[in-house]
Amino acid sequence: MNTVELIRKKRNKEELSESEIRFLVTSYIKDKIPDYQFSALLMAIFFNGMSTEETAHLTKEMLYSGKVIDLKSIQGVKIDKHSTGGVGDKTSLILAPIVAAAGVKVPMISGRGLGHTGGTLDKLESIPGFRTDLNLSRYKSVVNKCGTVLIGQTKDIAPADKLIYALRDVTATVESIPLITSSIMSKKLAEGIDGLVLDIKTGSGAFMREEKDARKLATALINTARAFDKKVIGFITDMNQPLGNYIGNWLEVYESIKVLLGAGESAADLVEVTLQLSGAMIYLGGKASSIEEGVEVSREMISSGKAFDKFLEIVKLQGGDVSLIKNPEKYPKARIVETVRAEKSGYFNAIDNYALGMISLELGAGRMTKEDVIDPKAGIIFYPKLGDKIKEGDIIAEFHTGRKNKIEDMKNKLYNIISIDGKKKAKPKLIKEILI
Ligand code: URA
């Protein structure tokens, strides 16, 4: 096959066949196609898109560039969840124990935070001793023992994605629906799952800011999952404000513990999204006859204490300090805890949620580059929810940080990204659509 002809074909909006896509991906990972040609191909895909079939073929080649974990020896249905990420999105920490306690296996391979969004691995690693770098045999044994496991990407999982993602990153081709879809799905399908629940976020703190784009991505992900005979349900959920109130690694573990203990009333939005997702996972796992029944089962897992016990079991099996989960108040506090008060009265009507995530990052909770070291104690507790009435002087946020020099600047930034005015606007709808 001729690489130039295949690039031309895609440039001319023609469809690539399975064997052509196989040739392109396998040649690229064997260094037989140079970066400049693969970059041209990526740009042609960026502009002209891919059909459902092409996206499935690309996903397949990326998936089989590495290992597909075989979990057949482990009894039960295996269901995972993938979220496109956002600010304060800690649902994985809460739903993995809920769903595992309900008898559905949850093998999770998660990512790190980069930029304004947090990552499940960084959150878990804020628990002293918690190991996310388990090898595949330990991964299997932990799922088998406690029903769930949460680890990071290994070098055996979809190595083609690592190479292609790095090239996309430097060629302005990240924001392409077929490329995002194949990247996400090649890694998820490698986990050995039977089904997947997708949480596609939309709004100012999301990757897909516009709802129409979130819907397109959801559709592409769902079509690809179905092409691999996986059960799948997609949710489009709001990310115009943080999910829950806590943003930052340990702060999010702390809020998750509160929810697992049934004390998360203040974080009604977090509880609602998490239980919808866990309900869908329990339904796909065959332990409920509908999502609604799955939500009820999830509530029982919390009220009976089974979900919290399961969380303790996960932390113990993955090497974490269980005593801090039982007594989270003993976790060391950030050196500085600074309150931020409202400068005026009115309705809290808007926030740039991306910018809020960036403030948390600057306070020490995230990384600008992969090499940056994060402060597990740093972050923000952000109290109001869109549509709430606020009085001048009310505490709207708490900054947790070790960086004294950042505080004034970050306070001013926060005042600039929120809008408090006289007329109440409608609250955003939290669950915008369920694609089933
Ligand atoms: N997450 C991924 O894993 N890949 C993408 O391309 C975008 C988000």
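The dialogue below takes up the sheet, then the domains, then a further set of strands.

Mentor: Please keep in mind throughout that this is a predicted model.

Trainee: How do the strands of a sheet pair in general?

Mentor: Strands are joined by backbone hydrogen bonds, and the pairing is either parallel or antiparallel. Here, an open sheet is built from four strands in the order β1-β4-β5-β13, and the pairing is mixed.

Trainee: Which strands stand at the edges, and why is one side of each left without a neighbour in the sheet?

Mentor: The edge strands are β1 (79-83) and β13 (431-435); each has a single partner strand, so one of its sides has no neighbour in the sheet. From one strand to the next, the twist averages 15°.

Trainee: In which sense do β4 and β5 pair, and over how many bridges?

Mentor: Strand β4, residues 195-202, and strand β5, residues 231-238, are parallel and share eight bridges.

Trainee: Let us turn to the domains. How is the protein chain divided?

Mentor: There are domain 1 (3-48), domain 2 (79-180 + 189-326) and domain 3 (333-421). The centres of domain 1 and domain 2, taken over C-alpha atoms, are separated by 32 Å. Ten residues from domain 1 and twelve residues from domain 2 take part in their contact.

Trainee: How much area do domain 1 and domain 2 bury between them, and on which atoms?

Mentor: The two domains bury about 960 Å², with 84% of it on carbon and sulfur atoms. A search for salt bridges across this interface finds zero.

Trainee: Which elements give two or more residues to the side of domain 1 that touches domain 2?

Mentor: They are α2 (18-29) and α3 (35-48). Of the elements on that side, α3 gives the most, with seven residues.

Trainee: Finally, with which strands does β8 pair in the antiparallel sense?

Mentor: Strand β8 (residues 346-351) pairs antiparallel with strand β10 (residues 389-390) over two bridges, and Y347 stands opposite K389 in β10. Strand β8 also runs antiparallel to strand β12 (residues 418-421), joined by four bridges; there, F348 stands opposite I420.

Technical notes. Residues are numbered from 1 along each chain as its sequence is written. This is a predicted model: local features need pLDDT of at least 70, side-chain atom pairs count only at pLDDT 80 or more; totals for chains, interfaces and linings use all residues. Side-chain values use heavy atoms; hydrogens and water are left out. Two strands pair if DSSP finds at least two bridges between them. Axes are lines fitted to C-alpha atoms, for helices over the stretch in contact, and angles run from 0 to 180 degrees between N-to-C directions. Domain bounds come from an automatic or database domain assignment. Contact means heavy atoms within 4.5 Å. Buried area is the accessible area (1.4 Å probe) that two parts lose on being put together, summed over both. A salt bridge is a side-chain nitrogen of Lys or Arg within 4 Å of a carboxyl oxygen of Asp or Glu.
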